[in-house]
Amino acid sequence: MSWFYLVLAGVFEMIGVLLINHFNQARNWQSLLMMALGFGLSFVFLSLAMQTLPMGTAYAVWTGIGASGGAILGMVVYKEPRSVLRILCIGLVLGSAVGLKLVS
């Protein structure tokens, strides 16, 4: 269950990052509230995961999911540049997160 909570935490971090960009464009309280809710849920699920997972592993996987997911969402939603090297680097981040799961 802890790994499920950790993946949920990463997904809500991705949503929070996406909503930062939305907030920067809209600049209203609804956007701010949605951004805070996204990050708040991310921290709640990260906290639940860290009840049984080691802190270093949980934090590294959480940031890996959030960073790579944020980059992917930027390319898909906001049409940020896509290149083979950029996608390869995202794959390395995700591969590292999976590697931490395997050795934990």
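Helices (H or I, at least four residues) and strands (E, at least two) are DSSP runs, numbered from the N terminus. The model shown is predicted, so local features require pLDDT of at least 70 and side-chain atom pairs pLDDT 80 or more, while totals for chains, interfaces and linings use all residues. Residues are numbered from 1 along each chain as its sequence is written, and side-chain values use heavy atoms, without hydrogens and water.

**Figure 1. Overall fold of the protein chain.** The pattern read along the sequence is α-α-α-α, with four helices and zero strands. The C-alpha trace extends over about 40 × 35 × 15 Å along its principal axes. Of contacts (heavy atoms within 4.5 Å) between residues at least 6 apart in sequence, 67% join residues at least 24 apart.

**Figure 2. Surface of the protein chain.** Of the 104 residues, 31% count as buried. Buried means under 20% relative accessible area and exposed over 50%, with partly exposed in between (1.4 Å probe, protein chains only).

**Figure 3. The largest nonpolar core.** A nonpolar core is a set of buried Ala, Val, Leu, Ile, Met, Phe, Trp, Tyr and Cys residues joined through side-chain atoms within 4.5 Å. The largest one has 12 residues: Leu-6, Ala-9, Met-14, Phe-45, Leu-46, Ala-49, Leu-53, Ala-58, Val-61, Trp-62, Ile-65 and Ala-97. At least two residues of this core come from each of helix H1 (2-26), helix H2 (29-49) and helix H3 (55-77). H3 provides the largest share, four residues. Apart from neighbours within four places in sequence, Leu-46 is in contact with Leu-6, Ala-9, Ala-58 and Trp-62.

**Figure 4. Aromatic pairs.** Rings of Phe, Tyr and Trp (its six-membered ring) pair if their centres lie within 6.5 Å; planes under 30 degrees apart count as stacked, over 60 as edge-to-face and the rest as tilted. The structure holds five such pairs. The pair of Phe-4 and Tyr-5 is tilted, because the planes stand at 45 degrees, with ring centres 6.4 Å apart. Tyr-5 has 23% relative accessibility and therefore counts as partly exposed. Phe-12 and Phe-45 are stacked, with 5.8 Å centre to centre and 10 degrees between the planes. This pair links distant parts of the chain, as Phe-12 in helix H1 and Phe-45 in helix H2 are 33 residues apart. Phe-45 counts as buried because its relative accessibility is 17%. Ring pairs join Phe-4, Tyr-5, Phe-12 and Phe-45 into a cluster.

**Figure 5. Annotated spans.** In an unreviewed UniProt entry, the annotation "transmembrane region" covers residues 6-24, 31-53, 59-78 and 85-103. UniProt positions follow the numbering used here, feature names are shortened, and annotations may be inferred rather than shown by experiment. Residues 31-53 are 83% helix and 0% strand, and their end C-alpha atoms lie 32 Å apart. For residues 59-78, the chain is 95% helix and 0% strand, with end C-alpha atoms 27 Å apart.

**Figure 6. Ile-72 and Ala-97.** Ile-72 is placed in helix H3 and, at 36% relative accessibility, counts as partly exposed. Ile-72 and Ala-97 lie 25 residues apart in sequence and 16 Å apart in space, C-alpha to C-alpha.
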